[in-house]
Amino acid sequence: MNRLAERFSKIVERFLPDAFVIAVILMLLMMVIALVMNPSDPLTIVESYGDGFWAYLTFTMQMILLLMTGMALAKVPFIERFLIRVASLAKSANQAYVLTFLVTSFAYYINWGLAVIVGAIIAREVGKRNQKAHFPLLVAAAYAPTVLYTAGLSSSIGLSVATEGHFLESMIGVIPTSETIFHSGTIIILLALLITMPIFLVLMAPKKNIIPFAEKEKRISSRIDGDEANKHSFASRLEHARIWGIITGIIGLLYVFISFFNGRDLDLNIINLTFLSLGLLCHQSLFRYAEAFKDAATSISPIILQFPFYAGINAVLGSSGLAENIVNWMASVASTETFGLFTYWTAGFVNLLAPSGGGQWALQGPLQVAAGAQLGVNHAITAMAVGWGDGWTNLIQPFWALPILSVVGLHIRHIMGYCILLSVWVGVITSILIFWVY
């Protein structure tokens with residue numbers, strides 16, 4: 001199995017282009033198809049692309065803050081020290097793989113931005129303390145829980161449709177989280193994957209040619225303490241004063257508590273404010289938090305760059321009539337009972353071309369919702385099926401693995417073979433469960 005995984009890794013490394021390249025090619029392909037369907041009106045296609053290019057700026061900003069506030073919170077010193085103590089619990093290689101997976105799974109459930117750093121720290125610290133563990137598989141175990149984020153508290157799709165003013169509100173309204181991430185079917189799929197995926201990871205563990213962790217001392221945040229030469233200046237004292245972060249954090253958390261007391265549901269804005277406030281409260285110094293936030297910024301450039309292209313693609317799909325054709329085709333091949341399964345498979349394929357849960361929902365959501373409406377399918381089921389499909393093939397799309405890999409010092413080729421094999425299992429078990437529990 002290990003040789004098969006390595007073979008898959010080499011194939012993927014050779015043929016899979018950068019995510020931005022895929023987004024641009026997809027955009028150009030959609031425009032060509034639209035022009036073929038509407039050869040007499042090419043300027044309308046171009047105008048629809050330009051008009052729709054900035055349609056999801058609010059959504060883009062929400063996704064950026066979700067990632068950055070989570071990563072900044074993970075850099076609070078006492079949280080890092082806690083993770084290091086947890087890493088010491090693994091006494092064997094198999095325990096190392098399972099511990100890494102479970103800890104990162106918990107972090108993914110809380111916040112996928114937080115999990116990016118938690119997974120990297122846990123894999124690194126466990127690897128340091130267990131030289132019999134195959135480090136590439138440890139990193140794969142830290143990345144594998146990406147398939148679970150759809151069921152978590154930072155589910156981009158589940159929280160998006162629960163947020164007033166989301167871009168599909170006119171079509172589906174506001175869907176409470178009780179019908180998406182807290183639905184019994186979602187919880188069943190989550191538990192099934194939590195139980196079986198670590199078993200699969202252990203079965204993939206190599207018996208020889210072990211590659212242990214190699215100490216490289218990559219600092220996650222190198223500027224946290226600031227410039228010592230100016231430590232006692234008036235400006236520096238203001239920057240490092242703890243009172244400002246504490247007060248600001250308390251005010252933010254107070255607003256969150258008041259919102260829940262008044263009956264507000266969990267949504268993207270509440271999640272972002274909660275993690276921002278907790279980060280300020282725990283870092284205390286505004287300077288420390290700003291530096292942690294700055295370090296987190298290196299991983300969000302693809303979101304800023306790609307989301308406008310997804311918005312433009314979606315506008316072209318609507319203006320050309322291509323979207324209507326896709327909707328009619330989906331309705332013709334699926335029934336009310338099988339629509340969730342078809343949606344899951346379709347979302348898994350689309351995610352290979354557009355590797356972002358939020359971006360994919362912006363691109364695919366309107367089409368799937370319309371197709372489901374024709375069959376009378378609950379919009380919450382459509383949303384979660386898209387989310388599960390996105391998470392499924394995240395395993396074989398390196399986009400979201402890159403922040404973790406940059407921390408641990410590995411290349412995507414080192415983990416992709418394991419991720420491909422794991423994705424086969426996830427696809428089988430999730431397909432079966434989606435058909436029965438939604």
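Modeller: Helix α7 is mostly covered, with 16 of its 18 residues buried. Buried means under 20% relative accessible area, exposed over 50% and partly exposed in between, with a 1.4 Å probe and protein chains only. This is a predicted model, in which local features need pLDDT of at least 70 and side-chain atom pairs count only at pLDDT 80 or more, while totals for chains, interfaces and linings use all residues. Residues are numbered from 1 along each chain as its sequence is written, and side-chain values use heavy atoms, without hydrogens and water.

Biologist: How many aromatic pairs does a search of the whole structure find?

Modeller: Rings of Phe, Tyr and Trp (its six-membered ring) pair if their centres lie within 6.5 Å; planes under 30 degrees apart are stacked, over 60 edge-to-face and the rest tilted. The search finds ten such pairs. In one of them, F53 and F309 have ring centres 5.2 Å apart and planes at 80 degrees, so the pair is edge-to-face. Both residues, F53 and F309, are buried.

Biologist: How are the rings of Y344 and W392 paired, stacked or edge-to-face?

Modeller: Their centres are 4.8 Å apart and their planes at 15 degrees, so this pair is stacked. Y344 and W392 are both buried.

Conventions
Helix = DSSP H or I, 4+ residues; strand = E, 2+ residues; numbered from the N terminus.
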